[in-house]
Amino acid sequence: MTAAVAQAPPAERVHYLNAEYGIRSWLLTTDHKRIALLYLASITLMFFVGGFMAVLMRLHLIDPAGGLVHPDTFNKLFSMHGIIMIFFFLIPSIPAVLGNFLVPMMIGARDLAFPRINLLSWYIYIVGAVLTLTAMVSGGVDTGWTFYTPYSTTYANSQVMLTAVGVFISGFSSILTGLNFIVTIHKMRAPGLTWFRMPLFLWAMYATSIIQVLGTPVVAITIFLVGLERIFHVGIFDPAVGGDPLLFQHLFWFYSHPAVYIMILPGMGVISEIITCFSRKKIFGYTFVAFSSMAIAVISFLVWGHHMFVTGQSIYAGLIFSVLSFLVAIPSAIKVFNWTATLYRGSISYQAPMLYALGFIGLFTMGGLTGLFLASLATDVHLNGTYFIVAHFHYIMVGGAVMAYLGGIHFWWPKITGRLYPDTWARIAAAIVFLGFNLTFFPQFMLGYLGMPRRYATYPAEFQVLNVMSSAGASILGIGYLIPLVYLFWSMRYGPIAPANPWRAKGLEWQTDSPPPTVNFETPPVVTEPAYSYGPPGTPQEGAHD
Amino acid sequence: MTDAAMEHTAAHPRFLAHHFTDIEQQFEAGTLGMWLFLITEIMFFGGLFATYAIYRLMYLSAFEAGSHLLDVKLGAINTAVLIGSSLTMALAVRAGQTGSRKALIVFLILTMLLGGVFLGVKAHEYHHKWETGLVPGFHWGPTEEVHLHPEAALPHVELFFCYYFFMTGLHALHMIIGFGIMAVLVWQAARGRFDGGYYSPIEVSGLYWHFVDIVWIFLFPLLYLIGGRY
């Protein structure tokens with residue numbers, strides 16, 4: 001790497017970051033790379049806002065009597081934590097930041113198909129975020145992130161409408177991003193880049209985009225109907241005037257279960273890139289991994305009823321939803337097995353991105369397997385509405401999606417900023433995140449199994465030890481998230497200059513300079529080999545980078 | 001593609017955005033983008049249609065009674081008007097393809113006129129519903145005239161009218177947006193933007209307009225014709 005640093009070009013090289021200066025050049029940019037950075041700044045802010053609420057909740061729960069905040073405030077904390085983390089961090093995280101930056105780079109294009117729509121999607125996101133934050137500071141919302149009726153209609157006593165409008169609006173940002181990616185991947189691949197030569201990150205983004213395009217409009221119309229019910233006072237979801245509150249849950253989960261895969265599928269794409277690079281091997285079973293993403297996208301639309309096993313839906317519907325939910329575990333398992341098989345006899349090195357990727361595999365596997373308990377009708381009756389659920393989806397969303405996001409940020413950071421970050425600090429942070437995460441959420445599995453319900457501001461004293469463990473883990477986890485914030489900021493100014501391909505990785509994005517020029521590639525690339533052509537160690541082909 | 005020099009050559013005509021390799025790629029991307037957008041619209045209206053279907057099953061007689069309070073003649077006229085506007089839109093796309101500026105502008109304006117007739121009739125219907133107290137929430141309280149239909153007193157007729165206003169209102173909103181798009185196209189056509197064999201915006205706007213028409217083709221029977229009185 002020292003040699004690479006020495007050959008770094010003089011500082012005058014024009015790239016996308018220094019091509020133009022000034023606030024206008026950012027706020028009116030149509031460059032997908034700059035829009036990715038706009039998103040990066042916005043979602044990082046939202047992540048720490050949502051994280052701050054988690055900190056308050058964990059502090060509150062140290063004491064069984066819950067002395068820190070009023071129980072009503074506690075309701076608002078977990079509601080706003082969920083709303084911000086899901087709609088304003090997790091859903092845009094990998095697609096809007098890494099996807100925006102990488103999709104055109106990985107297919108050898110100059111930009112996304114619709115650059116202005118791309119910028120529009122960021123503005124829509126900002127409007128939605130501002131409305132939601134306004135709702136938060138002007139009283140908050142206490143319905144839970146699910147906006148279940150009648151909490152959100154008949155018995156609403158907080159800023160439900162303003163928050164719902166914010167979420168409604170931000171949904172269109174997600175739709176536009178997905179639409180842009182699908183068209184770009186279909187129509188703008190470089191010569192020679194066939195579908196089955198594409199990096200698996202692109203397959204994952206493609207599958208994600210399909211869910212965004214098909215699912216998000218349904219939650220939009222659902223929120224719209226809630227709004228109309230509140231304005232007109234007619235019975236759409238209100239049983240008092242003939243509406244059906246369960247219909248809301250059906251419509252909501254028709255989107256929100258696939259939305260879980262909007263959050264995890266991109267992470268799976270990132271992991272495929274990192275695992276192959278740091279074990280210097282072709283992915284094991286490329287087509288299986290690619291099609292498993294598509295299978296997840298399709299099956300994800302057929303499993304929503306497993307959120308409703310205890311709502312009194314038909315037992316036969318429950319049976320079918322249970323079977324289908326087990327089915328969705330198969331493509332997920334295929335991925336985990338194939339990543340593991342890729343590691344087998346690879347030349348593995350443990351830089352920071354790889355630590356995150358390995359952490360992902362372990363935590364995602366635990367999150368996935370505990371999902372099977374919830375897909376089983378009988379065990380779900382016991383576990384539904386307990387901390388077991390909280391632990392399960394945090395293993396997927398935080399242990400999975402956030403780990404993959406951080407791994408991806410560390411992997412592509414040299415490409416995005418043109419700077420290297422201190423690897424030792426990054427490894428320490430990855431280890432702290434892994435430990436802190438497990439200490440936070442593993443006790444919650446036990447709490448849930450023992451019967452502690454979620455969303456309560458107080459609990460019986462017998463649960464205190466596990467709760468204190470969880471809160472202690474959360475503080476470690478918080479430190480683990482703050483360390484990268486510090487050294488990544490530091491590296492933007494003081495980090496060593498990054499070479500074009502610091503990891504000797506494959507993929508078109510590594511063949512251009514770091515940071516890339518505004519046009520991405522000075523000469524349009526042509527693809528002549530499959531993805532991940534990492535040769536056997538020792539051959540000239542191995543990690544070839546010239 | 002280092003740029004400005006190539007900007008206006010034949011290989012890189014002025015309407016080709018710089019991030020596309022050629023005009024064909026740009027055209028295909030635009031068309032695919034519009035089809036995907038229409039899929040999101042189908043899912044959007046689909047949610048509304050699904051809940052409509054559920055409540056129609058639950059409260060069939062109320063929905064039939066509500067349907068009897070709509071003016072099926074006006075609905076039929078509007079259906080014909082809208083299908084006519086689809087024809088003029090298709091002719092506008094053809095005029096764009098053949099590069100005939102005059103025909104393009106004429107057909108676009110005709111489409112706008114027919115759209116305007118539709119919205120006018122719709123406004124008349126809304127006004128009538130207001131006068132007879134059939135606007136849910138704000139102005140509910142069916143008048144004497146309505147009570148000539150004995151079933152109108154059924155509970156949940158208000159719910160039917162809720163759906164009537166949501167669905168036709170959302171549809172009318174799409175028409176108004178289409179109206180705006182058409183106005184921009186006329187302005188661009190008058191300035192000669194589409195003279196060089198470039199008609200992608202007309203084509204994708206046409207797709208949008210036809211989609212809005214198809215939504216109405218579903219709305220008309222669902223709202224006006226249920227109840228088996230014909």
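Leu488(A) lies in helix α15 of chain A, which covers residues 464-494; helices here are DSSP runs of H or I with at least four residues, and strands are runs of E with at least two, numbered from the N terminus. This is a predicted model, in which local features need pLDDT of at least 70, side-chain atom pairs count only at pLDDT 80 or more, and totals for chains, interfaces and linings use all residues. Residues are numbered from 1 along each chain as its sequence is written, chains are lettered from A and ligands numbered from 1 in the order in which they are written, and side-chain values use heavy atoms, with hydrogens and water left out.

Leu488(A) has a relative accessibility of 9% and therefore counts as buried (buried is under 20% relative accessible area, exposed over 50%, partly exposed in between, with a 1.4 Å probe and protein chains only). Leaving aside residues up to four places away in sequence, Leu488(A) touches Ile409(A), Trp413(A) and Tyr421(A), where contact means heavy atoms within 4.5 Å.

## Chain A as a whole

Chain A has 15 helices and zero strands. Its radius of gyration is 23 Å, close to the 24 Å that the globule rule gives for 546 residues, so chain A is as compact as a globular protein of that length. The radius is taken over C-alpha atoms, and the rule is 2.2 Å times the number of residues to the power 0.38.

Of the 546 residues of chain A, 60% count as buried. Among contacts in chain A with a separation of 6 or more, 82% are between residues 24 or more positions apart.

## Backbone exceptions

Most residues other than glycine have a negative phi, and most peptide bonds are trans. The bond between Thr149(A) and Pro150(A) is cis, with omega about 0°; Pro150(A) sits in the loop between α5 (115-137) and α6 (160-187) of chain A. Another cis bond runs from Ser514(A) to Pro515(A), with omega near -15°.

Arg280(A) has a positive phi, near 50°, and lies in the loop between α8 (245-279) and α9 (286-299) of chain A. Asn520(A) also has a positive phi, near 75°, and belongs to the segment after α15 of chain A. Arg280(A) is buried at 5% relative accessible area, and Asn520(A) is buried at 0%.
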